[in-house]
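Q: Hi! Could you walk me through this one?

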Amino acid sequence: MEASRILNAGSSSLRLAAVALLMAGCASMAPPYEVSALPVPPVYASVTHQGGASAAAIGWRDYFTDPQLRSLIGLALDNNRDLQSAVLRVEQARAAYGIQRADLFPSVGALAREDRSRTPARLSLTGRPLVASQYQVGLGLASWEIDFWWRVRSLEDAALETYLATDAARRAASIGLVAQVANSYLALRGLDERIALARQTIASHEKTFRIFTRRVEVGSTSRFNLTEVQTLLTQAQALGAQLELARAAQFNALTLLVGVPVKLPPEQGQLDESNVFRELRPGLPSDLLLQRPDIVAAEHLLKAANANIGAARAAFFPRIALVGSLGTASVELTDLFASGSLAWLFSPSISLPIFDAGRRQNNLSLAETNRDLAVTQYEKTVQVAFRDVSDALSARVWLRQQVAIARTALATQVERARLSQLRFNNGASAFLDVLDAQRDLLNAEQQLVQTRRELLSSQVSLYAALGGSALDFASPPAGDRPDGQGIGGAPGK
């Protein structure tokens, strides 16, 4: 009969828990999630055509065609310390999500206990000292909150969205690192080209300086012309030293990005921009909502703030918890598992703060304000992404024109330098015209290299602004998430 009563009581408890869980499944206090209208124009103003590959569908290995650049990017993705920190932050968020999710389930533990006590004679009913023992073995259920109002579930949802946001931030850091390495490499190659041009100019000026020194010695020219030649030579030498210093600093910056020592001897010749990148299709601004990891991260943080409102609202309702245990108990160790030693405890509790000095109301106000702030930050992230793409598209259009103009200007300066030298040799002009033409020629050469490098960097910026490398930096597979679901939110995706 006693066992029957125990079973009936246990069955009633299970039914109560089942009803509670069913009620909890339909009592979320979180407000419905709504995405605001996109705060940007529907199309990019600088788009003249929609040819090329989609940035989200092309990996960095396919977009960057330079073998040396691809090798550097691969090393950076494996060794960059900032990216490793971003990966570890994902692991932190994953563990925090697992901790929060564990609150959805009861915590059951094993218990083995021995109690011995002595009652003095003056307190004993028999008038003699009494020594008593009690032994107990069983399973215990810690205080488990029955989530009627989805307080625990809302906190779990917030932790999950925070985890997803952290992973999206990791992807954004990866894409940013690719862009940084590419820009640093292009800057290094541009400096190599400028140094090569400066060295050619220095060698030419040194030759001219030797010739004019000899002419001064034989009295065929004035020392004033020699000082002009020497001034031009020292200017070229100063530029060469500045470029060498800039290359050393750029090389050190690239090494820091890569994370391991690299060997990049100075390159000879110019970088062929036609074989560095593939053409990209910018698409529409609405595509950024799915392609840009920083926008995805901002949206997950918005969802987390939305879920926290549900948890804050649920705090206004009663909180129900269960405590229980099942095992055996006896005053003798030998009788611990004997018939009739079954012991159990079932202790449900309900609590509701009556006065908390406005703590719950202020907590709700804080959660709602955080949600409004997350909305603002999400919209700002979308606007910044739109500007990044628009700037990169504008740069691609106008820098191409600047490169064409710089090439024309260089050709003009080359012809001017040739003609001025010819006029001086024939005595039709002063040597000062030759010096001015050579100085302007050096500036035109340097300007063309810089403009070409800026054009290449604009292609890198466009790739990063469009959220490139989606294939290479995809979210972990289904088994990598604590709840067995993909990062995208759909099971197994």
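Below is a short chat about helices, a surface patch and salt bridges.

A: Happy to! This is a predicted model, where local features need pLDDT of at least 70, side-chain atom pairs count only at pLDDT 80 or more, and totals for chains, interfaces and linings use all residues. Residues are numbered from 1 along each chain as its sequence is written, and side-chain values use heavy atoms, leaving out hydrogens and water.

Q: Thanks! At what angle do the axes of α4 and α5 cross?

A: Roughly 170°, and the axes of helix α4 (residues 81-102) and helix α5 (residues 151-218) come within 9 Å. Helices here are DSSP runs of H or I with at least four residues, strands are E runs of at least two, and both are numbered from the N terminus. Axes are lines fitted to C-alpha atoms, for helices over the stretch in contact, with angles from 0 to 180 degrees between N-to-C directions.

Q: How do α4 and α5 run, roughly parallel or roughly antiparallel?

A: α4 and α5 are roughly antiparallel to each other, a label for angles over 145 degrees. Their contact has 13 nonpolar, four polar and six charged residues. Nonpolar covers Ala, Val, Leu, Ile, Met, Phe, Trp, Tyr, Cys and Pro; charged covers Asp, Glu, Lys and Arg; the others, Gly among them, are polar.

Q: And E193, is that buried or exposed?

A: E193, in helix α5, is buried at 11% relative accessible area. Buried means under 20%, exposed over 50%, and partly exposed in between (1.4 Å probe, protein chains only). The C-alpha atoms of E193 and E267 are 7.3 Å apart, though 74 residues separate the two along the chain.

Q: New topic: how many salt bridges does the count come to?

A: The count comes to 18 salt bridges, each being a side-chain nitrogen of Lys or Arg within 4 Å of a carboxyl oxygen of Asp or Glu.

Q: Which residue meets R292 in a salt bridge?

A: D294 does, at 2.7 Å from N to O. R292 is buried at 7% relative accessibility, while D294 is partly exposed at 26%.

Q: Where do R439 and D436 lie?

A: Both lie in helix α10 (residues 431-465), three residues apart, about one turn of the helix. R439 is partly exposed at 28%, and D436 is partly exposed at 26%. Elsewhere, salt bridges that share partners join R101, R153 and E156 into one network.

How values were computed. Angles under 35 degrees count as roughly parallel, over 145 as roughly antiparallel, 65 to 115 as roughly perpendicular and the rest as oblique.
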